[in-house]
Amino acid sequence: MKRLILMRHAKTEPWSEGVDDFGRALTPQGHSDAKRMAEELVALGWGPERILVSSARRARETCSEVAAVVTGEKVRPMESLYLTGVRGLNEAVTQNDQASTLMVIGHNPGLHDFALAILREGGAADHQASLRLNEKFPTSCAALFEAERDDTFVPAQFRLMHILRAKDFRDGDAD
């Protein structure tokens, strides 16, 4: 069995003069959300064996919060994941598919598009999860996919199992 977790970076400071997009940091809420999402993944038995992370600051800070909670992961920062699209994400996952549970921490719109592409090819175990994934992919959102076969990455073999959103685990509804 193979598992793939696609997670968008946590909530960041807004873009402003003097702060480039690549260097934007997480907000305090973002740090809290990233940690909570990691705790939820562990509670579901979905601790990643390997984490691929965009080299942008907000993704690296999200990854640090996740890595502080999960055990045994190997983190691999990848410049190519910064604002990449479906093709780039597919290549990154294919090149690292030896991990039984692989996590990718990146950015929208590419990450959401990639999750939707996998959903279109492989379907979902939970119809409500597919509806939620189709709606949007907010910060700290994680889409959890699973394949019965332990082969190389083929999107059509992966089914959406869960969709987790940070706001589901905190008061209020800010994304």
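Guide: One term before we start. Buried means under 20% relative accessible area, exposed means over 50%, and partly exposed lies in between, using a 1.4 Å probe and protein chains only. Helices (H or I, at least four residues) and strands (E, at least two) are DSSP runs, numbered from the N terminus. This is a predicted model: local features need pLDDT of at least 70, side-chain atom pairs count only at pLDDT 80 or more, and totals for chains, interfaces and linings use all residues. Residues are numbered from 1 along each chain as its sequence is written, and side-chain values use heavy atoms, with hydrogens and water left out.

Visitor: OK. How many residues of β4 are buried?

Guide: 6 of its 6, so to speak: β4 is mostly covered.

Visitor: Which residues point which way from β4?

Guide: Thr101, Met103 and Ile105 point one way. Leu102, Val104 and Gly106 point the other way. All are buried.

Visitor: What order do the strands take in the sheet?

Guide: The 6 strands run β3-β2-β4-β1-β5-β6. The sheet is open and the pairing is mixed. Two strands pair if DSSP finds at least two bridges between them. The edge strands, β3 and β6, each pair on one side only. On average, neighbouring strands are turned by 20° against each other, direction ignored.

Visitor: Back to β4. In what sense do β1 and β4 pair?

Guide: Parallel, over 6 bridges. Arginine 3 stands opposite threonine 101 in β4. Arginine 8 stands opposite glycine 106 in β4.

Visitor: And over how many bridges do β2 and β4 pair?

Guide: Over 4, also in the parallel sense. Leucine 52 has valine 104 in β4 as its bridge partner.

Visitor: New topic. Which residues have the most contacts inside the largest nonpolar core?

Guide: Leu4, Leu6, Val104, Phe114, Ile118, Leu133 and Phe145. That core has 28 residues. A nonpolar core is a set of buried Ala, Val, Leu, Ile, Met, Phe, Trp, Tyr and Cys residues joined through side-chain atoms within 4.5 Å.

Visitor: Which element gives the most to this core?

Guide: α4, with 6 residues. Elements that give two or more residues include β1 (2-8), α4 (110-122) and α5 (127-135). There is also a second, separate core of 18 residues, with Ile5, Met7, Val66 and Ala142 among them.

Visitor: What is leucine 4 in contact with?

Guide: Contact means heavy atoms within 4.5 Å. Leaving aside neighbours within four places in sequence, the partners of leucine 4 include Trp46, Val93, Val104, Phe114, Ile118 and Phe158.

Visitor: Now α3. Which of its residues are buried?

Guide: Leu89, Ala92 and Val93. Seen down the axis of α3, the buried residues fall within an arc of 95°, so they line one face of the helix. The arc is that of the directions from the helix axis to the C-beta atoms. The face turned away from the buried side carries the exposed Arg87 and Gln95.

Visitor: What do the buried residues of α3 pack against?

Guide: β1, β2 (50-54), β3 (74-78), β4 and α4. α3 runs at about 150° to β4. Axes are lines fitted to C-alpha atoms, for helices over the stretch in contact, and angles run from 0 to 180 degrees between N-to-C directions.

Visitor: Last one. Which residues of α4 and α5 meet?

Guide: His112, Ala115, Leu116 and Leu119 in α4 meet Ser130, Leu133 and Asn134 in α5. The two axes come within 10 Å and cross at roughly 145°.
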